[in-house]
Amino acid sequence: MFPPGSVWPRVRVLRVFWALLAVPLASSRVWESDDFQDCTWKVVLNKFDRVGDTHMSDRFYDQEPVDTVDSVFSMLVDSPIDPQEKYLGFPYYLKINYSCEGQPSEDLVRSGHLMGLKPVVLVTFQSSVNFYRWKIEQLQIRMEAAPFRYPGLCLAEEVCSMSWFMPMPIQNGSVVMKVEVTSNGLGPFIPNKRFRVNINGFLKKQQDTVEFTLGSELFDLTPQYFVNASSRPLWYTLDQSPVLILGGIPNEKAILLSDTNFETFSLVELSIDSCWVDSFYCPQADFSATIYDAISTESTLFIRQNQLVYYFTGTYATLYDRSHSSGSWVRVLATECIKRLCPVLFHSNGSEYVMALPTGKHEGYLHFGTITDGRVSFEMLPKGGSLCKHMFVGNCSITWAEYLSGEYILLLLVEVEDFNTKSFRVVRYNMSSDVTEVLYIIPDFIPDAEGMEFLMMVGAEMYTSSPMVPKGLFFNTYNNLLFIWGNFLLQSYNAENYTYLAGFPKELSIKYLVNSFGGDIAVITETEEIWYLLEGDYRVYQLFPSRGWSIHFSLQMLQQSSLYAANETTVTFFYEDRELYQLVYLMGHGQGRLVKRLVPVEKLLLYQQQSHYHLERQGGHPVLSFTNQCPFTMLSLANLPNPQAYTREERYLARPPHILERSGFHSKKSLAVYQGLLYYLLWLHSKYNKPYADPVHDPTWRWWKNKKQDQDYYLYLERNWLSAGGVHIDMASYEKIYNLKSEYQLPQFIFLDKGNSYEFSLKMRSKEGSAFQEQSKLAVGFGLADPHCIEAFAKQEATVLRNLVQFLITLRDKKLCYDQGISGHHLMKTSVMVKVRGSSGHCFQSTHFGLRMQGNMMLPVFIGCPPGKRLAFDITYTLEYNRLLNKQYFDCAHPDPEMPCFLFRDVFYPFFLIQDLVTGDSGSFKGRYVLKVVGGGPTLDSLRDYSEEEIYRFNSPLETVPPRTKSRIWTTKTTETTEDGAFHIMSPQSFGIEWLCLENSPCYDTVPQSIFSPEFFFKVLVSNRGVDSSTYCDYQLVFLLHIHGLPLSFRRALQIAIWSASVFVGLVTLYIALCLLWPLLVKAWDMFLWKMNAVVTSESYYSYTTATKSSSSSSGAKGHHQQQGHLQS
């Protein structure tokens, strides 16, 4: 055994060389995975405008879409896209390569491409914590990366340097993305690899560089930061934190920060004031710049330096408004002396949590912090006084706190000092009722359990002289397993009965626990030893230092692995995808570097197991014979159901567009088209929440519904190299996948609705003997976290193969532990552990993904309404059924295909669908429901929501009982009502709805907006809450119902009738008068014309006569003067 210490010691190879020779003979199948070349995928991000720049990588901080792809789409004429749509793109590409040890990466990528290799990428989006703001969904996109040739001088004919590229999608409400890269099956064998590609909201662009907003990046990882420093726990909200942080760097206000789960990382010096507030109530022995506690959540980072607590909220435009972000570190609980921060690993009720334990004047209290959309608030608990007051003790101090997410329960480890004696107690505090209860008083000394693996603590056990020193608690919300840890390990499934795990030595002291929440626990001691525990088992295994570690370490040193060194310092341990990883600082040749490496738990256990061997003579030669303690030689799962119905994973397919390029390489324009198509696909998904169900239950149906008939034409253009822009868009390459098949392993978790069950078969092959003899040896057991909520049983099935035993495993919900909830909200966490007797720590299987332990399978189960289910108005069948029963159907004068009208005087028969967005199933809703009109208006612009009192008056059948207000909008002949009689309970078999619109209802006496009959828009709420016992789902649907042909009120109708009659009588009277007076009018008109003609004629005659006379007079006078002139002459 190695001496304990923070620095992992060097192992002498010769000491274990005999073991190295023995290991390959133990089991040849362990080394099958080594037959393949050691290759691995590599991914980096490139900005949209930097694609094609070699040896460049970018950080993931930009969250705004790119609008430059629309210009590329404008060139794609004669293609199935809609030219009227606005196409956007994502700000990043994912660049994919692969590398093998000892070979140049460029040569490998080029040869892989020539052999037909194409990376297939599965991107999984993690839903946001705040399900009130964002929809809960398990969204995945399966994409194929496109080959891209780098520009530049190349002596080869086709390609020198290339990579594969694909858009890196971003989804609103998600900042954590898992990227799994696999091969298409051609070319070299490259194992699947998963990456975390998360948005880093703590970066900003400063001119041409990207900087941290919370401090300054340090680029020199000097040994003084890590050597001789102890490891520390990595605390974060499970599966939700995009950025992980780690403090503990001696005398430096710096943290390690990573947005890739420490595949890459940065050392950041924080821009905090580092002031030291000392007072009589907050004693501080000394000052240090070290960040002691660091916790990361989805949006906010928390640190503790000395007694001060700070937080910093990142900029995440995909989650909340930018105004929620921090410009600098914010000091919180400024008047408090905080001795410890405690993490809350699970979110609940749309928020995340953190706890601060004070000392000094508020000893015995706890500050409970809530983080919602980046907003941080703290509340001091207990509300009715300190914990000491609740427990009726003199002095007490809270050492550790665990929050049971979703139950509003705090489990506290409390040190009590009363009557000069000290003791530790486990206390439960109910936040809702402010009630405290002591669950367990921890013994003062460690029990005497020599020679035993475990000891039940019943009060009659003997004790050693070694004191029990509790240091913390750990609670697994999936299996209700509570651990009390210190220099011992106590576990309990019900917080009442406790078991002492005697395999952990009392001479050691635990520093922290790391849980995979998949059945594995790593125990890290103060001396940096690693111990391992399978949940549901009582045996504790030592991983380091151990004989197994010596063998593994020596093998790695012989292979000259870059992940191991003779001088190592552990930084932290954490689980990722149920595998234990170690962040370790390696020293060699005066240089230090930080690496993330896998801790091969299964290999270490196998090496330790195979240390038991003996020599046997076979054919005259001595042969090593190893003792195989596994009760079976083969274990496999069969008859697994299709996973999507249980995992609720929505998956889309998006392939790159076809290019008309003989070399097969994409260009920047074709990659931009890929960006726009993928963005539009996600936009269709996000908008697929219409209350009116489409005729085809698929988000992509509307995208191609008008182009499907022309697909042969588009195919003709492609095959003749006539597609515009050199790009062909295949409509079948962008679709939703509903028929995923099982991968012959249990899913990571399942969802169960009311009474649902999950079944699969477990096959085992015995080592020797007849099947009948082995049936008694091979047995399957179950560990149920909540046996009153879920049941499990195994039924042995007949087999035809010798030595094969098969069990049918069934897990079923008991319909007892959940009421009703909105899809994906407030689910109950539980789990089932399937165990094969005698297999714990003894059975292993070699796969292409490494060695896997067999015989212990933990399956987390979520009970409630699964995500991805919704209620929709079945407008297609409703129209068909109403037309059939009413013998008629009249649409509005101006029909709207998205919202058909219904006639007021016709009986209305509504029908609804239960649509499963995951599996694509869409069937009639056959349960019971309550229908209410909750709003309305004569036009869409005048819609308003009704108050609770109005909703009651407008919908309740009690309005028919005096005193009546005459406010009802509708009625039905269905007599079944809710328990209080306030509302009707409807079903598909109910009588239809008859519209009333009584005189005090909002639709009474509606004024017509045109010459057509009055119309009204009803806002209808349909809910099955409290009336439907067939499901856990609380379906709520709000939709608009367009009714036309509403009757007018009697007064308005009479008024309109009088007006109409008056106008009619007036018109008739005018007509008759015209008929009677027309001859007289004509005669008068003729007389008038005659008189006018006479006047005109007489006036003309007078004027003519006068003019004649004047002319005659002038002529006579002229003659008279002429005569006088002649006479004078």
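I started at the hairpin of E25 and E26, where 4 residues lie between the strands and Gly406 takes a positive phi near 85 degrees. Strands (E, at least two residues) and helices (H or I, at least four) are DSSP runs, numbered from the N terminus.

I noted the ground rules next. This is a predicted model, in which local features need pLDDT of at least 70, side-chain atom pairs count only at pLDDT 80 or more, and totals for chains, interfaces and linings use all residues. Residues are numbered from 1 along each chain as its sequence is written, and side-chain values use heavy atoms, with hydrogens and water left out.

**The hairpin and its sheet**

I looked up the pairing of E25. Strand E26 (residues 409–418) runs antiparallel to E25, and 9 bridges join them. Two strands count as paired if DSSP finds at least two bridges between them. I picked out two facing positions. Cys396 stands opposite Val416 in E26. Tyr403 stands opposite Leu410 in E26.

Is E25 buried or exposed? I found that 9 of the 10 residues of E25 (residues 395–404) are buried, so the strand is largely enclosed by the rest of the structure. Buried means under 20% relative accessible area, with a 1.4 Å probe and protein chains only.

**Helix H5**

I turned to H5 (residues 547–558). Its 12 residues reach 17 Å from first C-alpha to last, close to the 16 Å expected at 1.5 Å a residue. That expected span is 1.5 Å times one less than the number of residues. In H5, 9 of the 12 residues are buried, so this helix is largely enclosed by the rest of the structure. Among them are Trp549, Phe553 and Leu555. Just after H5, Gln560 takes a positive phi of about 55 degrees.

**Helix H3**

I ended at H3 (residues 105–114), where Leu108, Val109, Gly112 and His113 are buried. They cover an arc of only 130 degrees around the axis, so they lie on the same side of H3. The arc is that of the directions from the helix axis to the C-beta atoms. I checked what covers these buried residues: the cover includes strand E3 (92–100), strand E6 (146–149) and strand E7 (162–167). Contact means heavy atoms within 4.5 Å. Gly116 follows H3, with a positive phi near 95 degrees.

How values were computed
Buried means under 20% relative accessible area, exposed over 50%, partly exposed in between (1.4 Å probe, protein chains only).
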